[in-house]
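This briefing covers a single protein chain.

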Amino acid sequence: MILQPKDFQARKGNQPIAMLTAYTCPVARNIEEAGIPVILVGDTVGMVEMGFDSTRDVTLEHMEYHIGAVRRGAPKTHIIGDLPYRTDRDPQTALASARRLLAAGADSIKLEGAKVAEIRALVDAGIAVVGHTGLTPQTATSFKQVGKTDTQAQQILDDARAIEAAGAFMLVIEHVPYRLAARLTEQLGIPTIGIGAGPDCDGQVLVINDALGLGDYWPPFSKQYAHASRTIAQVARDFSREVASREFPNNIIPLTGTGKT
Ligand code: KIV
Ligand code: NA
């Protein structure tokens, strides 16, 4: 059963929320099988899967493609669709963009920053909205931690309150000092989901490629639970050697079954 905003809100202060990103059908299928209740199809897809230097290169068409793939892999999981850069630039545009991601298979919509009018427009149209504050990569000039000065911290607190007041049901907090994330979590009525924001949030989100060790750069606050890049390189070397020696395709012992673990 797909969890709803109220189900996530009921977990605040009780049961930590585990969220992973996903961009493809097979990865989404395995994440659902593992019981993760919420998948974010983030615009990080542009950097970790498409080779762009910035999430600003991601389009609505890209997001529709990936949300569709994730929906087919995880039909019972709550899927958050990320609005790409500038597709939320005014309330009307945000609403039209959000509707496209919902039609592609998203259950709720995430957007970056205290865009109060845009969040309100979505909420008034009956769309569930996830906020995102702290480091907001679409407009950031670096990936360094934010909120270290009192002024910055106050701004993030004000933004978070505004996002909640505008009607968001959950808030992603990215790369801020742990004590600031703890204050936000305490002061807000909605669940906070941290990434690089310490242990005191109501949930945690990891970019799946970072968790898999797939890629050539992982942020210092991420954790590699596997080293998929090494596995891929090893598989390619093994295959190459076996083709050269004509060992492949002889003696194939296929792994049958569903790929379930
Ligand atoms: O796009 C994304 O994956 C995100 C997470 C890093 C929170 O916004
Ligand atoms: Na994002």
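A residue is called buried if 20 or more other C-beta atoms lie within 10 Å of its own, exposed if 12 or fewer do, and partly exposed in between. By that criterion, buried residues account for 42% of the 261 residues in the protein. The model is predicted.

**Overall fold**

- The protein contains 10 helices and eight strands.
- Its radius of gyration is 20 Å, which agrees with the value near 18 Å that a compact globule of 261 residues would have.
- The C-alpha trace spans about 65 × 40 × 35 Å along the principal axes.
- Of the contacts between residues at least 6 apart in sequence, 56% join residues at least 24 apart.

**Annotated binding site**

- An unreviewed UniProt entry places the feature "binding site" at Asp43, Asp82 and Glu112.
- These positions are spread over 70 residues of sequence but cluster in space, with a largest C-alpha distance of 10.8 Å.

**Asp43**

- Asp43 sits in the loop that runs between strand 2 (38–41) and helix 3 (45–48).
- Asp43 counts as buried because it has 28 C-beta neighbours inside 10 Å, where the cut-off is 20 or more.
- Beyond its neighbours within four places in sequence, Asp43 is in contact with Thr55, Val58, Met63, Asp82 and Pro84.
- One of these contacts, Asp82, is itself listed by UniProt under "binding site".

**Glu112**

- Glu112 lies in the loop between strand 4 (108–110) and helix 6 (116–124).
- With 24 C-beta neighbours inside 10 Å, Glu112 also counts as buried.
- Leaving aside residues within four places in sequence, the contacts of Glu112 are His132, Thr136 and Gln138.

**Annotated active site**

- For "active site", the unreviewed UniProt entry lists Glu174.
- Glu174 belongs to strand 6, which covers residues 170–174.
- Glu174 is buried, because 25 other C-beta atoms lie within 10 Å.
- Not counting residues up to four places away in sequence, Glu174 touches His132, Gly134, Leu135, Ile195, Gly196 and Ala197.

Key. Residues are numbered from 1 along each chain as its sequence is written. Chains are lettered from A and ligands numbered from 1 in the order in which they are written. This is a predicted model: local features need pLDDT of at least 70, side-chain atom pairs count only at pLDDT 80 or more; totals for chains, interfaces and linings use all residues. UniProt positions are given in the numbering used here, feature names are shortened, and annotations may be inferred rather than shown by experiment. Helices (H or I, at least four residues) and strands (E, at least two) are DSSP runs, numbered from the N terminus. Two residues are in contact if their C-beta atoms, placed from the backbone, lie within 7 Å. The radius of gyration is taken over C-alpha atoms; the globule rule is 2.2 Å times the number of residues to the power 0.38.
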